[in-house]
Amino acid sequence: MKEKMKKFMETADPSTASSLEAKMNELSKRFCEAHNKHKKKLEDMEKLKTRVELFECLSDKLQSFFDKKTQTLNEADIPGKDVAEMFLCVQETNTELMEQKKDLEVLQHLIEELSPHALPGDKSLVLEKVNVLSKKFREMEEMIQEKEKDVSSCQQQIDAFRGYVDSLKKWIDETTERIPPIQPSLNTDSLKKHLQSTKEEELRKSEEAKYAHLSDELHVLIEVFAPPGEAYSRMSHALEEIKKFLVP
């Protein structure tokens, strides 16, 4: 085209050639401007397409995450679940939720970018979609907080129960040690003495001030006021009586 115009201008008169050259330059300039605008528009459309695809990908990803984790948390309430397993499940879900929060923030920024290019109807649908996802995010946050409280309360109850069991075992062991072995010849008096001895031992170990004397040595003073012969007789009789309490 340029070659033909060049040959035509060589044969045309100077004024016509000059006018034609000016028009051709103007036309060429306008063509370049239109080409550049079209090229930029294509680039903008390609960027917009990429942002739309990112929006769809993130929204589908978030929706899938909420559906899956809601089911997981509901299944954690099934009887028979281990408390440690439930705690780990809740913690993992909370960590993943914080990661998904970043995707939700990206979606909200994408809405601001895409809104000027969307039709009114499409804009409403997109906004509604993001609002629904934001609502599900808040609901899952509340669900996780509730599950954390339930797991913590359950663990406290288990710890308290274990404490009661340990105390009961200790009491059973101590009581078993104090029970006298079965003896065929054990009579009522012997049993009373054994029980009295056991009770005295418990009082002595209690370390209460009023029972402190039970840890002291026993001293018995026997005094006899009588003539020598009668005094020896009385002393002998007294010793025989005391031996009944000193000898097991």
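Let me start with Thr93, which touches Phe65, Lys69, Leu73 and Ile144 when residues up to four places away in sequence are not counted; contact here means heavy atoms within 4.5 Å. Thr93 lies in helix α3, and its relative accessible area is 1%, so it is buried. Buried means under 20% relative accessible area, exposed means over 50%, and partly exposed is in between, with a 1.4 Å probe and protein chains only. Helices are DSSP runs of H or I with at least four residues, strands are runs of E with at least two, and both are numbered from the N terminus.

A word on the source. This is a predicted model, where local features need pLDDT of at least 70 and side-chain atom pairs count only at pLDDT 80 or more, while totals for chains, interfaces and linings use all residues. Residues are numbered from 1 along each chain as its sequence is written, and side-chain values use heavy atoms, with hydrogens and water left out.

Now the partner on the other helix. Phe65 lies in helix α2 and is buried, because its relative accessible area is 9%. What does Phe65 contact, leaving aside neighbours within four places in sequence? The list is Thr93, Glu96, Leu97, Gln100 and Met140. For Glu96, which is 31 residues from Phe65 along the chain, the C-alpha to C-alpha separation is 9.1 Å.

A nonpolar core is a set of buried Ala, Val, Leu, Ile, Met, Phe, Trp, Tyr and Cys residues joined through side-chain atoms within 4.5 Å. The largest one has 18 residues, and Phe55, Phe66, Leu97 and Leu107 have the most contacts inside it. Two or more residues each come from α2 (14-75), α3 (83-114) and α4 (120-178). Which element gives the most? That is α3, with seven residues.

Staying with α4, Ser134 is found in this helix. Ser134 counts as buried because its relative accessibility is 12%. Beyond four places in sequence, Ser134 is in contact with Leu104 and Gln108.

Leu168 is also found in α4. Is Leu168 buried or partly exposed? Its relative accessible area is 48%, so Leu168 is partly exposed. Together with Trp171 and Ile172, Leu168 makes a nonpolar surface patch of about 320 Å². Patches take residues with over 30% relative accessible area and no salt bridge, joining like charges within 9 Å and nonpolar side chains (Val, Leu, Ile, Met, Phe, Trp, Tyr) within 5 Å. A salt bridge is a side-chain nitrogen of Lys or Arg within 4 Å of a carboxyl oxygen of Asp or Glu.

On cysteines: Cys89 counts as buried, because its relative accessibility is 16%, whereas Cys154 is at 30% and so counts as partly exposed. The disulfide count is zero, with a disulfide taken as a pair of cysteine sulfur atoms within 2.5 Å.

Finally, the chain as a whole. There are six helices and zero strands. Of the 248 residues, 15% count as buried. Among contacts between residues at least 6 apart in sequence, 69% join residues at least 24 apart. The accessible surface comes to about 20200 Å², with 57% of it belonging to carbon and sulfur atoms; accessible areas come from the Shrake-Rupley method with a 1.4 Å probe, and for residues only the protein chains shown count as cover.
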